[in-house]
Amino acid sequence: DNALAGGFGSGVAEWLADNAWWIQSELDQAAADMGTPWDLCSEWARDHMRQAGDMGLIPSVLDYQDLTAQITRAEFAAVAVRLYEALTWMPVEYWGANPSTDTDNYDVLRAYGLGVVNGMGDGTFAPDSPLTREQAVTMLGRVYELVLTNAISGGEGLPRESVLSFTDHWNISDYAKNYVYFFAALSIVDGMGDGSFAPKSNMTREQAIKIVVETLRLIH
């Protein structure tokens, strides 16, 4: 901007012009050093993160973040909305009242509007709380139902093959059971190696994004 440069004197403008190549090279090197926004992940997850990033499934809030860290409920709500948009090619908006007393995060509101997320039962959403395995599977199951049937019915209508119950079946919340066994039958989510599902255990960002990519493949 000539007016802006002029405010600092013609010497600055000349220096910027003379060193434009150097400034650009420094910017390019800084970008290369940072890598892609989803590079901070485990080696096993790298291909899934690249696919998710290329498909726009990773929200900007997770750009250049440690994807091996636990994912929050708000972060995954954002991922779930992006999955719905990727599958339907329809942008999601929300114009209603805020049902939560502890967040005005627009991604959470959009997920709420879709019916993909619910609160904690006391008017809160707990946006910064770690996401549990059963919560993640439930959110994705609701997206899957909504896309295929245009309705959410608690997973009752989801087709699934018969699978053995997890040894901690009793510990899986009722709202999550249909979704857990639906995705387990398709090997999108697995047990813990001892026959359990560990529904209340937390998920990392890369683990959660991996199952989102697998869900997208399932529908496509």
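Student: Against which helix do the buried residues of H4 pack?

Tutor: Against H9. Keep in mind that this is a predicted model.

Student: Which residues of H4 are buried?

Tutor: His48, Met49, Gln51, Ala52 and Gly53. Each one falls under 20% relative accessible area.

Student: What is the backbone like just after H4?

Tutor: Glycine 56 sits there, with a positive phi of about 75°.

Student: Why is aspartate 107 called buried?

Tutor: Its relative accessibility is 16%. Buried means under 20%. The value is below the cut-off, therefore aspartate 107 counts as buried.

Student: Where is aspartate 107 placed?

Tutor: In helix H6, which covers residues 106-114.

Student: What makes the pairing of aspartate 107 and arginine 82 a polar contact?

Tutor: Their side chains come to 3.3 Å. The limit is 3.5 Å between N or O atoms, with one able to donate a hydrogen and the other to accept it. The pair therefore qualifies.

Student: Which polar contact joins aspartate 107 and arginine 110?

Tutor: One between their side chains, at 2.8 Å. That value also lies within 3.5 Å.

Student: What else is in contact with aspartate 107, leaving aside neighbours within four places in sequence?

Tutor: Ala77, Ala78 and Val81 are in contact with aspartate 107, and so is Arg82. Contact here requires heavy atoms within 4.5 Å.

Student: Which residues touch the most other members of the largest nonpolar core?

Tutor: Phe76, Leu83 and Val189, in a core of 54 residues. Helices H4 (46-54), H5 (73-88), H6, H7 (133-149), H8 (174-185) and H9 (205-219) each give two or more residues to this core. H5 supplies the largest share, 9 residues.

Student: What is in contact with phenylalanine 76, beyond its neighbours within four places in sequence?

Tutor: Ile71, Leu131, Ala136, Met139, Leu140, Ala208 and Val212.

Student: Why might nonpolar side chains be found together?

Tutor: In soluble globular proteins, they tend to be buried together.

Student: How do you know that the fold is helical?

Tutor: Count the elements: 9 helices and 0 strands. The pattern along the sequence reads α-α-α-α-α-α-α-α-α.

Student: What share of the contacts with a separation of 6 or more joins residues 24 or more positions apart?

Tutor: 70%.

Conventions. Residues are numbered from 1 along each chain as its sequence is written. This is a predicted model: local features need pLDDT of at least 70, side-chain atom pairs count only at pLDDT 80 or more; totals for chains, interfaces and linings use all residues. Side-chain values use heavy atoms; hydrogens and water are left out. Helices (H or I, at least four residues) and strands (E, at least two) are DSSP runs, numbered from the N terminus. Buried means under 20% relative accessible area, exposed over 50%, partly exposed in between (1.4 Å probe, protein chains only). A nonpolar core is a set of buried Ala, Val, Leu, Ile, Met, Phe, Trp, Tyr and Cys residues joined through side-chain atoms within 4.5 Å.
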